[in-house]
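Here is a short briefing on one protein chain. Please read it alongside the sequence and the model.

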Amino acid sequence: AEGAVETPDFEKLIDMPMEEARSHFERWMLRRVLHLCGGNQTKAARHLGLSRAGLFKKMKKLEV
């Protein structure tokens, strides 16, 4: 896995439209979980309650 994933300033999300804020949060969450799982996508998907296909779909949509 790459270096540590910085936690964003979530207070800034309040100034964004809901969909944009959700995308920022989900992108951070995916990166963080992947980091914690050592880059193992199967473990990350399980941790997030997603199928591997669901994880790939989210990663593609959010450009992770």
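Glu-63 sits in the segment after H3. This residue has a positive phi of about 55° although it is not a glycine. Glu-63 is exposed, because its relative accessible area is 69%; exposed means over 50%, buried under 20%, and partly exposed in between (1.4 Å probe, protein chains only).

The model is predicted: local features need pLDDT of at least 70, side-chain atom pairs count only at pLDDT 80 or more, and totals for chains, interfaces and linings use all residues. Residues are numbered from 1 along each chain as its sequence is written, and side-chain values use heavy atoms, with hydrogens and water left out.

**Overall layout**

- The chain has 3 helices and 0 strands; these are DSSP runs numbered from the N terminus, with helices (H or I) of at least four residues and strands (E) of at least two.
- Read from the N terminus, the order of elements is α-α-α.
- Along the principal axes, the C-alpha atoms fill a box of roughly 35 × 25 × 20 Å.
- The chain holds 64 residues, and 22% of them are buried.
- The chain exposes about 4,800 Å², with 53% supplied by carbon and sulfur atoms. Accessible areas come from the Shrake-Rupley method with a 1.4 Å probe, and for residues only the protein chains shown count as cover.
- Among contacts with a separation of 6 or more, 43% join residues 24 or more positions apart; contact means heavy atoms within 4.5 Å.

**Nonpolar core**

- The largest nonpolar core has 9 residues: Leu-30, Val-33, Leu-34, Cys-37, Ala-44, Ala-45, Leu-55, Met-59 and Leu-62. Such a core is a set of buried Ala, Val, Leu, Ile, Met, Phe, Trp, Tyr and Cys residues joined through side-chain atoms within 4.5 Å.
- H1, helix H2 (41–48) and helix H3 (52–62) each give two or more residues to this core.
- Leu-62 touches Ser-23, Glu-26, Arg-27 and Leu-30, leaving aside residues up to four places away in sequence.

**Aromatic pairs**

- The count comes to 3 aromatic pairs. Rings of Phe, Tyr and Trp (its six-membered ring) pair if their centres lie within 6.5 Å; planes under 30 degrees apart count as stacked, over 60 as edge-to-face and the rest as tilted.
- Phe-10 and Phe-25 have ring centres 5.7 Å apart and planes at 55°, so this pair is tilted.
- That pair links distant parts of the chain, 15 residues apart: Phe-10 lies in the segment before H1, and Phe-25 in helix H1.
- Phe-10 is partly exposed, because its relative accessible area is 31%. Phe-25 is also partly exposed, at 33% relative accessibility.
- Phe-25 and Trp-28 form another tilted pair, because their ring centres lie 5.7 Å apart with planes at 45°.
- Both Phe-25 and Trp-28 lie in helix H1, 3 residues apart, about one turn of the helix.
- Trp-28 counts as buried, because its relative accessibility is 19%.
- Phe-10, Phe-25 and Trp-28 form one aromatic cluster.

**Nonpolar surface patch**

- Phe-10, Phe-25 and Met-29 make a nonpolar surface patch of about 230 Å².
- Patches are made of residues with over 30% relative accessible area and no salt bridge, where like charges are joined within 9 Å and nonpolar side chains (Val, Leu, Ile, Met, Phe, Trp, Tyr) within 5 Å. A salt bridge is a side-chain nitrogen of Lys or Arg within 4 Å of a carboxyl oxygen of Asp or Glu.
- Phe-25 belongs to helix H1, residues 18–36.
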